[in-house]
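The sequence and structure come first.

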Amino acid sequence: MRDPKFKEAERAQLSFLAVAEKKALVWLAHRMPAWVNSDHLTLAGFAAMFAAGLCYWAASRTRAGLIGVIAALAVNWFGDSLDGTLARVRDRQRPRYGFYVDHITDALGTAFLMVGLALSGYMSPYIALGLLIAYFLLSIEVYLATYTIGTFHLSFWKFGPTELRLLLCVGNLALFRWPVVGLFGARFLLFDVGGAIGIAGMSLMLVASAIRHTRVLYQAERLP
């Protein structure tokens, strides 16, 4: 039963694929079997991220693991993106429960993914750890802003979870031909270069968002 005193945060989704993705998810939600509910989809998305981590670990032995990661990310998109849409289409929303379960499973799933990458041989463990820390710090900023400002940002600079999944899939395919790249006269793992860019990008997003939200809150609660 929904708490009438609880006010759900406004969702801000401004990524490149947001409009097309929303239409696709609503179309899918209307065609899901009645026995499938949001919890089933959340669990499927979480299990898929765990499987993606295992596939990266397996990729240290066979490149077929990289294809397994792509398949797992597709299942993760299906479950993780459709669970909330299904609840809204069927008017079976549980805002607090859904928000908590969705994002704690996202955090755990991302940790599994990064551990798999660290063990894959395609990314240095320190880069994988840096990516995980940057992701968690950015997530903390998003959740703090959701609580204090009432707006839940699902994307930054036109990039959201779906775009990042696609970027990772493209990177996996590139690994078949260019696992190592030359840069500034030296040789680096392709995913180390991509990971370093990802860390820098998320760090910039974190700083920019923290400054912007601090200013908003300062103005909203300016002392006399």
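## Terms and basis

A residue is called buried under 20% relative accessible area, exposed over 50% and partly exposed in between, with a 1.4 Å probe and protein chains only. The model is predicted, so local features need pLDDT of at least 70 and side-chain atom pairs count only at pLDDT 80 or more, while totals for chains, interfaces and linings use all residues. Residues are numbered from 1 along each chain as its sequence is written, and side-chain values use heavy atoms, with hydrogens and water left out.

Helices (H or I, at least four residues) and strands (E, at least two) are DSSP runs, numbered from the N terminus.

## Nonpolar cores

A nonpolar core is a set of buried Ala, Val, Leu, Ile, Met, Phe, Trp, Tyr and Cys residues joined through side-chain atoms within 4.5 Å. The largest one has 29 residues, and the members that touch the most others are Tyr56, Leu113, Met123 and Phe191. Two or more residues come from each of α2 (38–59), α3 (64–89), α4 (95–120), α5 (125–149), α6 (161–175) and α7 (190–220). The most come from α5, which gives seven.

Contact means heavy atoms within 4.5 Å. Apart from neighbours within four places in sequence, Tyr56 is in contact with Leu66, Val69, Leu113, Gly116, Leu117, Ser120, Leu168, Asn172 and Phe191. A second, separate core has seven residues, including Leu25, Val36, Leu41 and Leu86.

## Helix α5

The expected span of a helix is 1.5 Å times one less than its number of residues. For the 25 residues of α5 this gives 36 Å, and the end C-alpha atoms are 36 Å apart, which agrees. Just after the helix, Gly150 has a positive phi of about 90°.

## Hairpin and positive phi

Two strands pair if DSSP finds at least two bridges between them. Val180 stands opposite Leu189 in β4. The hairpin has two residues between the strands, and Phe184 takes a positive phi near 55° there. Phe184 is exposed, at 81% relative accessibility.

Asp91, in the loop between α3 and α4, is another residue other than glycine with a positive phi, near 55°. Its relative accessible area is 58%, so Asp91 is exposed.

## Aromatic pairs

Rings of Phe, Tyr and Trp (its six-membered ring) pair if their centres lie within 6.5 Å; planes under 30 degrees apart count as stacked, over 60 as edge-to-face and the rest as tilted. By this rule there are six aromatic pairs. The rings of Phe99 and Tyr143 have centres 5.9 Å apart and planes at 75°, so this pair is edge-to-face. Because Phe99 lies in helix α4 and Tyr143 in helix α5, the pair ties together parts that are 44 residues apart in sequence. Phe99 is partly exposed at 30% relative accessibility, and Tyr143 is partly exposed at 29%.

The rings of Tyr135 and Phe136 have centres 5.6 Å apart and planes at 50°, so this pair is tilted. Tyr135 is partly exposed at 22%, as is Phe136 at 30%. Ring pairs also link Phe46, Phe50 and Phe112 into a cluster.
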